[in-house]
Protein chains: 2
Amino acid sequence: MGAPTAVAPTDRAELDAVDLAVRAAAASGLDGSSRADRAAWLRALADVLARHADELVALAHAETHLSTARLGGEVVRTATQLRFFADVITEGSYLEATLDSPDPALIPPRPDLRRMLRPLGVVAVFAASNFPFAFSVLGNDTASALAAGCPVVVKAHPGHPALSRRVAELAREALPAAGGPADALVLVEGLAAGAALVQHPLVSAVGFTGSTRGGRALFDLASARPAPIPFYGELGSVNPVVITPSAVEASGAEIAQGLAGSFTRDGGQYCTKPGLVFVPPSAAFDEALEDATAGSTGQRLLTGGISAAFDAGADELGTREGVQVLARAGALDGEAAPVVATIGVDVFLADPVRFQEEHFGPLTLLVRYDDPERLEAALAVLEGSLTGTVWHAPDDDDAFVAASTAALSRIAGRVLFNGWPTGVAIAWGQHHGGPWPASTASVHTSVGATAIRRFLTPLTFQDAPQSVLPAELRDGNPLSVPRREDGEQVGG
Amino acid sequence: MGAPTAVAPTDRAELDAVDLAVRAAAASGLDGSSRADRAAWLRALADVLARHADELVALAHAETHLSTARLGGEVVRTATQLRFFADVITEGSYLEATLDSPDPALIPPRPDLRRMLRPLGVVAVFAASNFPFAFSVLGNDTASALAAGCPVVVKAHPGHPALSRRVAELAREALPAAGGPADALVLVEGLAAGAALVQHPLVSAVGFTGSTRGGRALFDLASARPAPIPFYGELGSVNPVVITPSAVEASGAEIAQGLAGSFTRDGGQYCTKPGLVFVPPSAAFDEALEDATAGSTGQRLLTGGISAAFDAGADELGTREGVQVLARAGALDGEAAPVVATIGVDVFLADPVRFQEEHFGPLTLLVRYDDPERLEAALAVLEGSLTGTVWHAPDDDDAFVAASTAALSRIAGRVLFNGWPTGVAIAWGQHHGGPWPASTASVHTSVGATAIRRFLTPLTFQDAPQSVLPAELRDGNPLSVPRREDGEQVGG
């Protein structure tokens with residue numbers, strides 16, 4: 001995707017729509033709203049999703065082929081996210097309100113300083129294919145941006161256009177019904193629209209969930225602007241798993257069944273799918289994994305393009321020297337068949353970049369290791385991932401578990417134990433990010449309370465009259481927000 | 001500055017030095033150190049600066065032509081910064097330690113989640129010309145990175161090479177003397193070295209203070225890497241000032257004297273120099289400003305290049321249509337002469353980009369306004385700045401002050417009242433940043449407690465055994481850090 005220097009006639013309408021959308025969002029007045037109002041509007045958006053769940057799930061199912069059970073859960077999750085960010089801004093510590101009293105004796109002298117975070121401006125959100133609710137029109141990026149006080153222009157994902165339009169329509173009815181500005185959320189569509197959105201002078205930040213290739217192209221556009229803007233992209237991730245020798249011996253069959261459930265879940269179309277599993281040779285593990293994979297079903301993937309790319313990638317992997325296909329499930333025409341491939345750790349180490357390519361769909365690659373030193377060498381060359389997993393057992397060598405944890409902590413945003421990375425909980429302490437290529441901005445997160453931090457910028461008032469200060473910074477803390485005063489945490 | 005694709009033989013040594021420096025820093029083990037140890041090491045660095053102040057000030061004076069009084073104050077400031085970051089990591093809330101207990105009833109289920117921030121990796125710091133201590137080898141970027149647990153490779157500024165080498169030498173003696181790793185701080189020199197440093201695969205982030213042109217070139221290199229890294233650049237700033245009609249009437253002469261002191265201070269070589277002043281016509285103000293400027297002295301600027309650029313810029317400005325030179329001080333050969341130029345607000349509005357070009361040195365541009373609506377139009381087209389200032393009086397129109405404050409709040413990181421922006425206090429609530437071109441990353445700051453946030457990345461542990469958790473996240477909070485537990489702030 002390049003800059004739209006030569007505009008096709010068919011793109012002209014898209015580009016005009018982007019300009020109108022961004023200007024409407026910028027003029028929405030959301031940045032001047034109170035936290036209490038925004039919290040109410042976020043709850044109204046959650047309510048409207050819940051109220052229309054059946055209609056929306058049906059639309060989503062028709063467009064994405066995901067099961068209605070999964071989609072129903074995702075609507076609940078998305079409403080919970082919206083309410084969660086309402087809670088976060090109500091609590092108020094996200095403002096980082098900080099007051100310092102004057103001290104003329106210091107070098108340099110200290111005036112009266114009062115700092116808090118303010119909204120950055122219009123945020124462009126690129127919706128994902130694989131979460132038509134939770135990372136789409138009213139997903140995490142939108143919820144956290146609105147909570148911050150930033151109006152949002154969503155670029156719809158082409159995989160679910162009707163759903164996107166209906167959710168946007170409902171949101172733009174619900175906002176004014178709750179007393180808020182409809183233009184706090186505007187939808188645009190089209191490839192040229194996406195590029196134009198990232199380059200629009202009034203856009204201040206971008207949230208993106210999608211492929212490494214598409215994300216990189218848009219990141220490059222954001223960075224090349226005359227005034228560059230932050231691009232928060234969540235891109236590719238293989239989510240390495242380390243199974244210790246003791247764990248595979250103690251419960252290899254059970255772990256294998258869990259793995260099969262996780263990598264095939266909803267067609268393996270999760271950014272947190274475990275795609276690279278380091279495991280000692282174990283007949284019990286293999287047998288259970290073969291059985292569980294053979295017993296799993298195919299899934300029609302989100303789009304034709306994703307399906308074709310998955311099939312091509314799985315076929316190509318199977319033809320590489322040193323690669324064996326351990327299991328392949330049956331699948332109906334048009335469905336992706338779950339696949340387990342295996343290689344030795346030395347094969348992995350001979351070409352680690354290629355074996356870390358993400359296969360978006362139901363495929364996982366086992367890497368056999370015997371020697372802990374070879375495992376260590378393999379973990380040392382891992383690229384960034386959203387998650388890393390350690391399966392361990394009570395009688396494990398503590399040093400081995402600690403070394404695996406340390407290695408995964410360097411490359412993953414979330415390190416988990418005796419579980420599977422799919423299913424990202426909504427919580428204050430959640431983190432969904434990681435070193436490149438898991439994200440384009442590894443100091444930030446797209447899930448969890450601090451996702452809001454991406455869309456805020458500090459502003460410090462020096463010796464300001466009370467009348468111009470935001471209420472959160474005034475004498476006496478009239479809104480009772482948590483503050484730091486002369487270095488001490490107080491209030492709230 | 002381009003990528004070093006064609007390496008001159010003279011650059012080869014620089015590039016080898018960069019590779020050695022980065023590898024040494026990466027292997028220093030700083031990321032595994034405790035907060036208590038790092039705090040002690042930061043204090044040892046502050047002590048060694050203070051102990052060698054006389055020697056270092058003499059070196060700095062010879063290389064930068066800044067006064068020994070100013071440089072002596074800057075050493076105190078730099079030591080204070082190092083101790084401040086020691087206090088910040090001792091207090092511990094910067095870790096954002098956050099614990100959530102499991103709740104299997106939620107959708108999706110919530111496991112045990114424990115999040116805190118970890119060091120990002122090796123940080124490259126580009127030292128500034130104008131603060132040979134406070135934004136140089138042991139300046140704010142270095143102090144905040146070391147505090148975070150990130151080893152630092154400093155690219156010395158060519159304006160003070162001997163000082164840079166001596167400070168680095170003292171630091172690399174003081175660190176091991178205090179039990180720390182010498183390689184937590186390594187110095188490199190040279191233009192090719194700078195480009196190579198930004199592109200080195202083991203470098204995780206860049207802190208930069210300097211010109212918009214140089215900063216943009218390095219930002220582009222950082223963004224174009226195969227794995228992009230954050231580039232925290234503090235670039236250009238004109239620091240607009242609004243003087244209200246009531247303020248100029250009540251105390252025009254006094255404000256003019258303060259302005260002259262601020263824009264000529266240390267040769268006007270501050271990123272926070274007030275360079276663009278919106279003021280109603282006032283004979284008393286003009287007269288006082290002419291007198292104060294005429295009474296100020298010239299200053300030999302930091303480098304020959306800066307001096308030549310200042311003279312050329314001031315001369316060119318004076319030749320533009322509509323520009324009048326109100327005052328110019330006398331200056332000795334080789335010194336820069338303080339200059340006050342004036343334009344009408346309509347002249348400004350006819351070419352606002354050009355009239356916002358930064359003149360690094362003792363020059364300020366007055367913009368005359370009569371009509372509040374023309375002022376509003378001018379404030380609406382301001383680019384990003386580090387600071388914005390409002391001079392107001394007790395009998396001012398509140399709406400006018402509020403509107404000016406709101407306009408400056410959109411484009412400046414710090415908005416101050418009845419004062420001058422030069423002299424950046426060290427405090428929890430300080431912010432030194434702002435929208436492009438004031439900085440390349442306006443959600444972050446280079447001064448104040450949260451400067452440390454630039455060099456940290458979240459890591460969440462899920463269902464982790466106590467043995468692999470950092471002490472700050474263990475049951476019972478053994479290190480008594482402030483934490484958020486199930487949404488509530490506790491401890492500390």
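How many residue pairs are in polar contact between chain B and chain A? The count is 43 residue pairs, both residues at pLDDT 80 or more; a polar contact is a pair of N or O atoms within 3.5 Å, where within protein one must be able to donate a hydrogen and the other to accept it, and residues adjacent in sequence count only if both atoms are side-chain atoms. This is a predicted model, in which local features need pLDDT of at least 70 and side-chain atom pairs count only at pLDDT 80 or more, while totals for chains, interfaces and linings use all residues. Residues are numbered from 1 along each chain as its sequence is written, and side-chain values use heavy atoms, with hydrogens and water left out.

**Extent**
- Chain B and chain A each give 71 residues to the contact (heavy atoms within 4.5 Å).
- About 5500 Å² is buried between the two chains, 57% of it on carbon and sulfur atoms (accessible area, 1.4 Å probe, lost on being put together, summed over both parts).
- Trp428(B), Val443(B) and Gln462(B) supply 11% of the area that chain B buries against chain A, more than any other three residues.

**Salt bridges**
- The rule finds two salt bridges across the interface (a side-chain nitrogen of Lys or Arg within 4 Å of a carboxyl oxygen of Asp or Glu).
- Glu91(B) forms a salt bridge with Arg484(A), with the closest N and O atoms 3.1 Å apart.

**Strand pairing**
- Strand S14 (residues 412-417) of chain A runs parallel to S15(B), joined by three bridges (strands are DSSP E runs of at least two residues, numbered from the N terminus; two strands pair if DSSP finds at least two bridges between them).
- Val415(A) has Phe461(B) as its bridge partner in S15(B).

How values were computed:
Chains lettered and ligands numbered in written order. Helix = DSSP H or I, 4+ residues; strand = E, 2+ residues; numbered from the N terminus.
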